[in-house]
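User: I am new to this structure and would like to learn how to read it. Could you take me through some of its features in turn?

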Amino acid sequence: MSQDPTTHNARFVGWLSLAQLVSWGTTFYAFALVMGPVEEALGLSRAQASLGFSLAILAEGLLAYPVGRWIDRGHERLVMTGGSLLAGACLLLHGLVATLWGFYAVWLGLGAAMAGVLYSPAFAVVTRRFPQDYRRAIITMTFLGGLASTVFIPFTSWLIAAWGWRMAIASLAAWQLLLCAPLHAWMLRGAPPRMPRIAKLAGAKPVNVRSLMRSPPFLLIGLFVMALLSVSVALPAHMISLLREYGVKETWVVVLPASIGVIQVLGRLLLYFFEHRFDLHLANRVIPLLIPMGLVALLLAPLAGPASAWVVLGFVVLYGMGNGMLTIVRGTAIAQYVSKEHAATLNGALGLPLALARASAPLLLGVLWNPQVGYTHGLWLLLAMSAVGVVALVGAQHLALVQD
């Protein structure tokens with residue numbers, strides 16, 4: 001499929017975005033809805049159930065580097081089609097799970113599938129195909145991908161109510177096998193050849209990448225990314241259970257998390273249309289700050305009495321806006337404040353620590369839960385982590401801009 005590298009192909013990006021919506025909805029967002037029924041059916045504790053999602057996140061992170069290398073070598077069609085087939089197979093098997101170890105096995109498999117079908121491989125694909133216009137393609141893709149929770153949380157909830165969790169989760173496999181796999185196999189034909197090494201500019205001073213990895217801006221951005229992404233992974237896995245504990249009406253237990261997707265997309269639209277009208281560095285400081293502000297609202301909700309539902313809604317707006325735009329901030333921070341030329345290598349260096357941080361976050365939130373105080377201790381920890389992350393990014397900005 002021949003493409004003009006100076007502009008992205010709207011049709012190509014649109015179909016790939018549809019596959020993103022389905023892939024996020026049938027894997028990442030499905031866990032929060034099946035966690036409660038699985039605990040009851042298999043007799044698991046909250047910590048045991050949470051470990052399943054943590055294993056998936058760990059598997060996804062550990063496979064991110066080899067998946068990226070396979071895509072760079074021109075195997076994007078094999079990677080993403082195979083990821084969709086694996087996701088479909090694991091979802092079918094999930095409907096048959098009868099033991100704790102079987103539950104862990106299917107989520108390890110789903111984590112491996114997520115490494116091949118979610119944002120990271122899709123972003124790598126459009127970057128290779130549209131090297132002069134990948135930013136617009138990526139933002140466009142996050143619009144539709146951001147609606148995954150809005151579409152699939154209520155849809156999966158309806159499936160569970162109508163058919164039971166086993167049939168519901170297994171039926172999600174059809175979306176992967178009958179839609180995503182064929183889409184990836186069809187759209188990803190004619191992958192560009194392996195990218196040649198970029199020739200060194202004449203007279204350019206060579207940069208030691210290892211020294212960049214030891215630089216304070218890089219280390220601070222690494223802390224920022226790990227802290228904020230841990231929060232963004234931990235909350236969705238427990239959101240349904242948390243809202244039920246807060247006494248939110250069952251209809252709103254589904255509607256509120258689902259609305260986060262719409263608000264994420266709204267945040268990205270605002271960033272897309274207005275990013276040239278305000279200071280970029282100020283925006284990079286303000287956007288992550290919305291996450292701890294949202295967590296403060298969530299902690300205050302039980303104290304708000306009759307107004308608690310409105311406080312929870314405030315959390316949804318703050319968290320949704322912040323999380324939606326955070327995808328863009330974290331994706332560009334290394335290039336802006338450390339090195340544009342070595343951004344891919346430096347982002348790859350964060351792969352293992354980021355995988356460990358993201359994998360441990362849902363488990364830690366489950367371990368800190370107890371019947372007396374619910375999620376309170378875990379939410380305070382997430383608030384502290386997000387605040388540390390914001391401070392780390394501000395510090396990296398300051399050091400980088402002073403050096404310039």
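**Reading helices and their contacts**

Analyst: Ser 157 has a relative accessible area of 22%, so this residue counts as partly exposed. The model is a predicted one. Ser 157 is found in helix H8.

User: What does Ser 157 touch, not counting residues up to four places away in sequence?

Analyst: Ser 157 touches Leu 33 and Val 254. Ser 157 and Ala 30 are 127 residues apart along the chain, and their C-alpha atoms are separated by 9.1 Å.

User: Where is Thr 150 found, and what is it in contact with?

Analyst: Thr 150 is found in helix H8. With a relative accessible area of 23%, Thr 150 is partly exposed. Leaving aside neighbours within four places in sequence, its contacts are Ala 258, Ser 259, Gly 261 and Val 262. Thr 150 and Leu 256 are 106 residues apart in sequence, with 9.1 Å between their C-alpha atoms.

User: How is the packing of two helices described?

Analyst: Two packed helices are described by the angle between their axes and by the distance between the axes. Take helix H2 (residues 30-42) and helix H12 (residues 216-245): their axes come within 7 Å and cross at roughly 50°. H2 and H12 are therefore oblique to each other. Their crossing is right-handed.

User: Which residues of H2 and H12 meet?

Analyst: From H2 come Phe 31, Ala 32, Leu 33 and Met 35; from H12 come Pro 236, Ala 237, His 238, Ile 240 and Ser 241. Sorted by class, the contact of H2 with H12 has seven nonpolar residues, two polar and no charged ones.

User: How do H12 and H14 cross?

Analyst: The axes of H12 and helix H14 (residues 280-300) come within 11 Å and cross at roughly 35°. This crossing of H12 and H14 is left-handed. On the H12 side the contact is made by Phe 224, Leu 228, Val 231, Leu 235 and Leu 242, and on the H14 side by Pro 288, Ile 291, Leu 295 and Leu 298. The contact of H12 with H14 divides into nine nonpolar residues, no polar and no charged.

User: What span does helix H1 reach, and what is expected?

Analyst: One way to check a helix is to set its span beside the value expected at 1.5 Å a residue. Helix H1 (residues 10-28) has 19 residues and reaches 26 Å from its first C-alpha to its last, close to the expected 27 Å. H1 is also mostly covered, with 14 of its 19 residues buried.

User: How many residues does H7 have, and which of them are buried?

Analyst: Helix H7 (residues 134-145) has twelve residues. From first C-alpha to last, H7 reaches 16 Å, close to the 16 Å expected. Its buried residues are Ala 137, Ile 138, Ile 139, Met 141, Thr 142, Phe 143 and Gly 145. What covers them includes H1, helix H6 (119-129), helix H8 (148-163), helix H13 (250-274) and helix H15 (308-337).

User: Why does Thr 142 count as buried?

Analyst: Thr 142 counts as buried because its relative accessibility is 0%, and the cut-off for buried is under 20%. Thr 142 is found in helix H7. Apart from neighbours within four places in sequence, Thr 142 is in contact with Tyr 119, Phe 123, Val 265, Arg 268 and Thr 327.

User: Does Arg 358 count as buried or exposed?

Analyst: Arg 358 counts as buried, at 14% relative accessibility. Arg 358 is found in helix H17 (residues 351-368). Not counting residues up to four places away in sequence, Arg 358 touches Ile 57, Glu 60, Leu 229, Ser 230 and Val 233. Arg 358 and Ala 227 are 131 residues apart in sequence and 8.6 Å apart in space, C-alpha to C-alpha.

User: Where is Trp 186, and what is it in contact with?

Analyst: Trp 186 is in helix H10 (residues 173-187). At 33% relative accessibility, Trp 186 counts as partly exposed. Leaving aside neighbours within four places in sequence, Trp 186 is in contact with Arg 11 and Trp 15. Trp 186 and Leu 44 are 142 residues apart in sequence and 41 Å apart in space, C-alpha to C-alpha.

Notes
Residues are numbered from 1 along each chain as its sequence is written. This is a predicted model: local features need pLDDT of at least 70, side-chain atom pairs count only at pLDDT 80 or more; totals for chains, interfaces and linings use all residues. Side-chain values use heavy atoms; hydrogens and water are left out. Axes are lines fitted to C-alpha atoms, for helices over the stretch in contact, and angles run from 0 to 180 degrees between N-to-C directions. Helices (H or I, at least four residues) and strands (E, at least two) are DSSP runs, numbered from the N terminus. Angles under 35 degrees count as roughly parallel, over 145 as roughly antiparallel, 65 to 115 as roughly perpendicular and the rest as oblique. A crossing is left-handed if the near helix is turned anticlockwise from the far one by less than a right angle, and right-handed if clockwise. Contact means heavy atoms within 4.5 Å. Ala, Val, Leu, Ile, Met, Phe, Trp, Tyr, Cys and Pro count as nonpolar, Asp, Glu, Lys and Arg as charged, and the others, Gly among them, as polar. The expected span of a helix is 1.5 Å times one less than its number of residues. Buried means under 20% relative accessible area, exposed over 50%, partly exposed in between (1.4 Å probe, protein chains only).
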